[in-house]
Amino acid sequence: MQTSACIFDLDGVIVDTARYHFLAWKRLTDQLGIHFTEEDNERLKGVSRIASLDIILEIGKVNADENQKHEYATRKNKWYVEYISKMTPDEILPGSLAFIKELRNAGIRVAIGSASKNTPMILERVGISELFDAVADGNIVKRAKPDPEVFLKAAELLDIEPQRCVVFEDAVAGVQAALNAGMMCIGIGSPGILKKAQFVISGLNEMNLMKLRILENEIRS
Ligand code: BG6
Ligand code: MG
């Protein structure tokens with residue numbers, strides 16, 4: 001079965017925003033007296049804002065009620081938005097634009113499937129809002145990855161069956177979400193970490209349509 005659509009996670013696949021998340025969480029954890037490291041930050045990849053906060057509070061053994069949690073998450077997001085509002089098109093990861101344009105020229109539909117509520121702002125800042133046929137993000141889904149909701153929603157918006165979609169993902173929870181959606185998944189990162197992805201590359205600069213066709217034949221047959 002041939003691929004009719006490609007769905008891209010945003011953070012870590014098309015742009016590298018993990019460092020901005022880290023800087024913003026670090027400002028919050030410094031204020032709360034929690035020791036938070038870049039290694040801890042790895043655990044937050046693909047994880048929703050509120051679930052990330054829960055992990056951080058657990059690391060710091062800090063208790064907070066719902067109101068406090070809401071205030072902490074809002075504080076962190078304010079700083080995060082300050083960082084991403086300064087992003088430029090130079091921050092698009094190598095190979096992403098060329099691959100997405102190649103797909104579009106071949107009639108393959110493209111969508112974003114991201115947990116981030118800041119997706120529209122990031123797409124706008126790096127100048128690629130017009131590149132996607134659909135955007136499924138944290139503003140329209142309720143259940144976080146590994147729940148398949150965000151990818152199923154993207155497929156629905158594109159009007160393409162899940163079995164004809166390929167997901168590109170850098171997070172373990174995101175790979176699982178793609179598989180739960182019944183989609184083929186190409187991991188972006190390390191094969192040792194993204195063990196369940198059907199194929200892993202280090203970045204979209206290693207991908208092109210011919211390679212995708214070869215992979216889908218091997219994986220879907
Ligand atoms: C994901 C990131 O894409 O979006 C996570 O990998 C982040 O680190 C999540 O927590 C939610 O992002 P936001 O922008 O809604 O806080
Ligand atoms: Mg990601």
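In the predicted model described here, 13 residues of domain 1 are in contact with twelve residues of domain 2, contact being defined as heavy atoms within 4.5 Å. The domain assignment of the protein places residues 5-16 + 90-220 in domain 1 and residues 18-84 in domain 2; such bounds come from an automatic or database domain assignment. Taken over C-alpha atoms, the centres of domain 1 and domain 2 are separated by 25 Å.

Residues are numbered from 1 along each chain as its sequence is written, while chains are lettered from A and ligands numbered from 1 in the order in which they are written. For this predicted model, local features need pLDDT of at least 70, side-chain atom pairs count only at pLDDT 80 or more, and totals for chains, interfaces and linings use all residues; side-chain values use heavy atoms, with hydrogens and water left out.

Oxygen atoms of ligand 1 lie 2.7 Å from a polar backbone atom of Gly46 and 2.7 Å from a polar backbone atom of Lys117. For the side chain of Asn118, an N or O atom is likewise found 2.7 Å from an oxygen atom of ligand 1. Taken alone, ligand 1 exposes 390 Å², of which the protein buries 96% (accessible areas by the Shrake-Rupley method with a 1.4 Å probe).

Conventions:
Polar contact = N/O pair within 3.5 Å; in protein donor to acceptor, adjacent residues only side chain to side chain.
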